[in-house]
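I am opening my notebook on a structure that is new to me, and I begin with the overall picture before turning to one element.

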Amino acid sequence: MTKDHERIVPPEGVLAPRYRVTEPGSLAGARRSLDGSWRFKLFPTADTGTARDSPGEGWDEIRVPGHWQLAGAPGEWPYGKPAYTNILYPIPLLPPSVPVENPTGEYRRAFTVPEEWLRSGRVVLRFEGVDSWFEVAVNGVVLARSHGSRLPSEVDVTSTVVEGENLLAVRVTQWSATTYIEDQDMWWLSGIFRGVSLEHRPTGGIGHVRVSADYDHRTGRGTLCVSVEGHDGLAHSDATVRIPELAISEVAGVPATAPVIPWSAENPRLYDLEVVTAAETVSLRVGFRTIHIDGGVLKLNGSPVKFYGVNRHEFHPTRGRALTSDDMLADVLLMKRHHINAVRTSHYPPHPRFLELCDEYGLYVIDEGDLETHGFVFEGWRGNPTADPRWEPVLVDRVQRMVRRDAHHPSVVVWSLGNEADRGCNVEPMFAEIRSLDPTRPEHYEADKTFEFTDVYSRMYVDFDELELIARRVDGPKPADGPVPTAEIHARRMDLPFMLCEYAHSMGNGPGGLTDYVDIFDGFDRVAGGFVWEWMDQAILVRDESREYFAYGGDFGEELHDGLFVADGLMFPDRTPSPGASELAAVYAPISIRETRQGVLSVRNRYAFTATDHVDARWQVVAAGEVVASGLVDLPVLAPGDMTEVDAATLLAAVTLPADTSAWLVVEATFRDDARPAWAEPSHCLGRGQTMMRATPIPQHPQGPVRVTDDGWKVGPLVIDRSGRLVSIGATPVSVARIDAWRAPTDNDSGDCFGSHPFSDAATWERAGLSRLHESVVRVVAEDDVLTVSSCAAGAGRTQRFAVEYAFRAVDDETADIDIRITPEGIWPGTLARIGWLLALEQPDAGAVSIDWVGQGPGENYPDSRRAARFGRWTQTVGQWQTPYVHPQENGARQGVERATFALRTGRLEIAAAEITVGGRPVEGVTLTARPWSDHALAAAAHTSDLVPDDVLWIHVDAAVHGLGSAVLGPRPVAEATLWPTPATLRLRVTSHPAAGQLVDGA
């Protein structure tokens, strides 16, 4: 016999879906929250044997909204554990059946109904979200069975409730038939995870409101048409609509026009709309805007629109998907502050409060249906619900509920049918249902390779070369597109705007190459932009007696899991921005300031609708890390898309630059004081750029003596033993001093894009033996003014090698020059991670060592992720240099470092870049990294809590490092950021001051 939770049927006993107002709204007096403490008991199967009228006396208490797997203190969960899969199903692939072992929660809650509610209308229970299937009973009577975990369900309880106290019983199964259509890339978490409310619907009141608020950019007028339904689903007979600010007052269903300020993400202008009947008045906020496709270009209010977007899962590190309004506001504010203008609600409709915030603050939304069946891919999509006619009513019901709930939000500009569910017979009716409910918005479905049931050509993780071909409308078939398209399909595809629904996989350190993507977005109208995967790391906080860490797939003993793929966001799990988020903010900045040639910066307005009369631009000249001159740029007001140039020679004609130092011009755009919006923090940067006006002069070779000692030689502060090994600098013992070409792999270093790359970079480095380099001294030659040490470095078991020559020269007793010449020899299998010098100094509490450096900062930066960096003088501790990625990996590099001073216990050590070349070309400064643990310890750690300082300060002084890319799912680093085996030289000036001292704070 088929169990209720295994039936393929739409929800039963629920009301027709309707629009939703949460905050602000006009239903506060007619709505009572049932959130809070509920009685709860977890059973191992769906056959709980519990009567619906049982009050649950003696049961546990649980918080609603919430997931039962996360109830209690982090890591001390009494009702099971979280489990993560990306694609794989954690149950057998036998739809619609699910295992008998099916954790099922019984919830109980007493509630009261005011007497006046019963006299004047109906009483409705509303569930905003329950995972995955649930049954509702009131006073022992089963009234509804529903599903659609990220969609609301409303139940009319009027006939069952009584005045005074009533008993609500909810049975929730973890697994159900609908589990097979909810295989989204996220944690499997169960329960009543969104709010529950009791609502009064007055007789003759409003059942549903449908809003159309279009804008004509040619006339500047908006057209409003509001349809109002009664509780019976028919047009309301006496409803009127009003927008007092626009002097609009019309009978519902009659269009009204007025001059309006249009809504956009740049200027999210909203108007208060009242819907009035004799029984009640409700209010909501509307924005006038039109989204349409014109000549294969996606346009908003008549102008091409660009999505500088992210994909967002709902997540909190201790509450899972049970978000508060404050959590959602935090996401929206962080997005605005990082210049994100668009969100794809991957892969389900969000909490309705999030859409209200997007309306208010200005974010474009792709509202995505609660559908993904990705795990069927491993069976060749056999049994896929999207291609099974039995599932059509369920899937159509889901998109209907999404559209009717969300269509009044101006922020929603595109509907999406779902994600990674392939194409089948049910796609057409889903597409048609959305079109019938709302013909004003385009529809998106990336999996439709025929382009019959999508208005947008959408792809994931396209590399840069193919993206440019698509942008130029010369794209051809790719294996990722499935079979070679027919001429008809190809022609249909060529007429569609293009969008990357996912790109730039942000797993761990990265993504690299954001600038390369966005330059193509900006260069071609056909490309409507893209959505970075993803907004935040979905890692769960775990505490025990000895440590605290963020857990990912496999940390909870899952039978199947997809490991780190859940920790692939721009935000860390606690919503702290990662360096990738800072880079994204710089790349997405609305005022683009870029070096066009040395000494010249272009300033371009990247807004679609807004001129720059709200912008101030300031310049600084930074010499040796210090600001030596500054002022305002006389910037003309730029219309959208316009550009001007800032020429350092003209701007700084009256400025005298200090001699014998590097000099940089930095230009930064900010809001004018009287134009800063509420979401922006003081001094919020709207765009920044820099250009080097003068390089650091190269000092002459010193002529100091090489002193012979009993154990070797002393060159300035450097002590070298008879074997040619550097053993101390001043009073600081040296544990390791050799060249290096390896790093603890980033997640993207280890990625092969599901086999698209024959070998990952990390695998290539292992093949070359870079993780096990050993250096052998070939000869030591001491002359009057130079000590030369020739050596060879190679990995154990490998023949590829580096020929290395060190030349030590004294400047004085405290200072010496070290010239390092590195030449790769042999046949190499691929890239290098870095090429430079590794120095390990014995230093207790190395994390507390201060670093004062002049170079790019203040955060980490890499060859393909450096737009957020700027030249200056900075001070941080070694501990602050470490980026706490959920999965430890390479981090913390700072490029273009001219000088760095370390405040050691034994004195101050200064390392300056005197002259650097890579492949014979000069490089400004070194790439510097410092850690309180070795790269091997970093690579071995599974969580940040595994990293333990080893009383050694590990310093990398590199001529070059490899870029980041996003090769877990996307492209490797671009050519300019790829480090191949190539000769490199480093001339370093090392100074050891005998007395330790406090460093001066940098800028």
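I first looked up the radius of gyration of the protein chain in this predicted model, and found 31 Å, which agrees with the value near 30 Å that a compact globule of 1003 residues would have. I then took the extents of the C-alpha trace, which spans about 105 × 65 × 60 Å along its principal axes.

Next I looked up the secondary structure, and noted 13 helices and 60 strands in the protein chain. Among contacts with a separation of 6 or more, 75% join residues 24 or more positions apart.

For the surface, I noted that 61% of the 1003 residues count as buried, while the protein chain exposes about 36,200 Å², of which carbon and sulfur atoms supply 51%. I also looked up the charges, 93 positive and 139 negative, and found that their mean positions are 1 Å apart.

I then turned to one helix: is α9, residues 579-588, enclosed or open? Since buried means under 20% relative accessible area, I checked its residues against that cut-off, and 7 of the 10 are buried, so α9 is largely enclosed by the rest of the structure. The buried residues of α9 are G580, A581, E583, L584, A585, V587 and Y588.

Looking for what covers these buried residues, I found that the cover includes the strands β25 (307-311), β31 (498-503) and β32 (527-532), together with the helices α2 (325-337) and α8 (514-523).

Last, I looked at the start of α9, where a side-chain oxygen of S578 comes to within 3.1 Å of the backbone nitrogen of G580.

Definitions and conventions
Residues are numbered from 1 along each chain as its sequence is written. This is a predicted model: local features need pLDDT of at least 70, side-chain atom pairs count only at pLDDT 80 or more; totals for chains, interfaces and linings use all residues. Side-chain values use heavy atoms; hydrogens and water are left out. Helices (H or I, at least four residues) and strands (E, at least two) are DSSP runs, numbered from the N terminus. The radius of gyration is taken over C-alpha atoms; the globule rule is 2.2 Å times the number of residues to the power 0.38. Buried means under 20% relative accessible area, exposed over 50%, partly exposed in between (1.4 Å probe, protein chains only). Contact means heavy atoms within 4.5 Å. Accessible areas come from the Shrake-Rupley method with a 1.4 Å probe; for residues, only the protein chains shown count as cover. Lys and Arg count as positive and Asp and Glu as negative; His and the chain ends are not counted. The place of a charge is taken as NZ of Lys, CZ of Arg, CG of Asp or CD of Glu. A polar contact is a pair of N or O atoms within 3.5 Å; within protein, one must be able to donate a hydrogen and the other to accept it, and residues adjacent in sequence count only if both atoms are side-chain atoms.
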